[in-house]
Amino acid sequence: NVVGSSVARESDDVFYTWAGPEIAVASTKAYTTQLVCMYLIGLYMGREKGTLPDETYRKYIDELLAVPEKIEKILHKERDIEKLAKKFYKRDNVFFIGRGVDSAVSYEGSLKLKEISYINSFAIAAGELKHGTIALIEDGTLVVAVAAQDRLFEKMLSNIQEVKARGADILAIAKENNTDIEQQAENVIYIPECMDEITPLISIVPLQIFAYYIAKQRGCDIDKPKNLA
């Protein structure tokens, strides 16, 4: 991201992300920009190798070009996310769960929360819940469930039901058309419709905003968290 940085000088080739200066130690826009760059590299390689048809390539590119507008819609929900942060900022333990690429989003969302709010936050692939982690769920435990994959939505509903039955409070991230999630989750942040594969670029944004306002409520130094450099 930084032109002329040490890593750039030491590299044979450099693909600059051009996210601009990142003020906070807990990187946000640099994270999403790097993710876009990895998508572009993958798409380029797929087309060059002939494994990705031109029609599919163009579909992905169109989806990527639409991401800024969809993120803008999430930013319009900032006040609603702030209200959720005020509701949950006193929790001492938070679990993040997701399936497929949503599990990666869960790890990043959990990392942001623990980095700047110092809450004990833990992420796990939802399919592994029964292998130990579910034993830690009790009344009042906050579980953030990322359920943005249409093909895995029903399985995520089942996972949410499992932790809810053990007393967890649920904050879910889902696409606008998957309103069935309200049957299991009392708090839902909806993201705009898009291809499953593109959702990580969008679903991470409300989690970043949520972590920001949690830290703000707890009086933490958001840009310069303790022990990080």
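With which residue does Arg58 form a salt bridge? The partner is Asp62, and the closest N and O atoms of the pair are 3.6 Å apart; a salt bridge is here a side-chain nitrogen of Lys or Arg within 4 Å of a carboxyl oxygen of Asp or Glu. The model is predicted, so that local features need pLDDT of at least 70 and side-chain atom pairs count only at pLDDT 80 or more, while totals for chains, interfaces and linings use all residues. Residues are numbered from 1 along each chain as its sequence is written, and side-chain values use heavy atoms, with hydrogens and water left out.

The protein has 8 helices and 5 strands, where helices (H or I, at least four residues) and strands (E, at least two) are DSSP runs numbered from the N terminus. Read from the N terminus, the order of elements is α-α-α-α-α-β-α-β-β-α-β-β-α. The radius of gyration, taken over C-alpha atoms, is 18 Å, close to the 17 Å given by the globule rule for 229 residues, so the protein is as compact as a globular protein of that length. The rule itself is 2.2 Å times the number of residues to the power 0.38. Along the principal axes, the C-alpha atoms fill a box of roughly 50 × 40 × 35 Å.

Of the 229 residues, 48% count as buried, a class defined by a relative accessible area under 20%, with exposed meaning over 50% and partly exposed in between (1.4 Å probe, protein chains only). The accessible surface comes to about 12200 Å², and 51% of this surface belongs to carbon and sulfur atoms; the areas come from the Shrake-Rupley method with a 1.4 Å probe, and for residues only the protein chains shown count as cover. Among contacts (heavy atoms within 4.5 Å) between residues at least 6 apart in sequence, 68% join residues at least 24 apart.

The protein carries 28 positive and 34 negative side chains, and the centres of the two sets lie 4 Å apart. In this count Lys and Arg are positive and Asp and Glu negative, whereas His and the chain ends are not counted; each charge is placed at NZ of Lys, CZ of Arg, CG of Asp or CD of Glu. Side chains of opposite charge can pair when their charged atoms come close. The structure holds 11 salt bridges.

Arg58 and Asp62 both belong to helix H3 (residues 54-65) and are separated by 4 residues, about one turn of the helix. Arg58 is partly exposed, with a relative accessible area of 42%, and Asp62 is likewise partly exposed at 42%.

A salt bridge also joins Asp150 and Lys175, with an N to O distance of 3.0 Å. This pair links distant parts of the chain, 25 residues apart: Asp150 lies in the loop between strand S3 (142-147) and helix H7 (153-164), and Lys175 in strand S4. Asp150 is partly exposed at 36% relative accessibility, whereas Lys175 is buried at 0%. Salt bridges that share partners join Glu78, Arg79, Glu82 and Lys86 into one network.

Strand S4, which contains Lys175, spans residues 169-175. Apart from residues up to four places away in sequence, Lys175 touches several residues, among them Ala147, Ala148, Asp150, Tyr190, Ile191 and Pro192. Ser203 is 28 residues from Lys175 in sequence, with a C-alpha to C-alpha distance of 9.0 Å.

Arg79 is partly exposed, with a relative accessible area of 46%, as is Glu78 at 27%. Glu78 is located in helix H5 (residues 78-88). Glu78 and Ile209 are 131 residues apart in sequence but 7.2 Å apart in space, C-alpha to C-alpha.

Arg99 lies in the loop between strand S1 (93-98) and helix H6 (101-117). Arg99 is buried yet has no salt bridge, and Glu162, the nearest side chain of opposite charge, is 6.6 Å away. Leaving aside neighbours within four places in sequence, Arg99 is in contact with Ala126, Gly127, Val146, Gln149, Leu152, Lys155, Met156 and Asn159.
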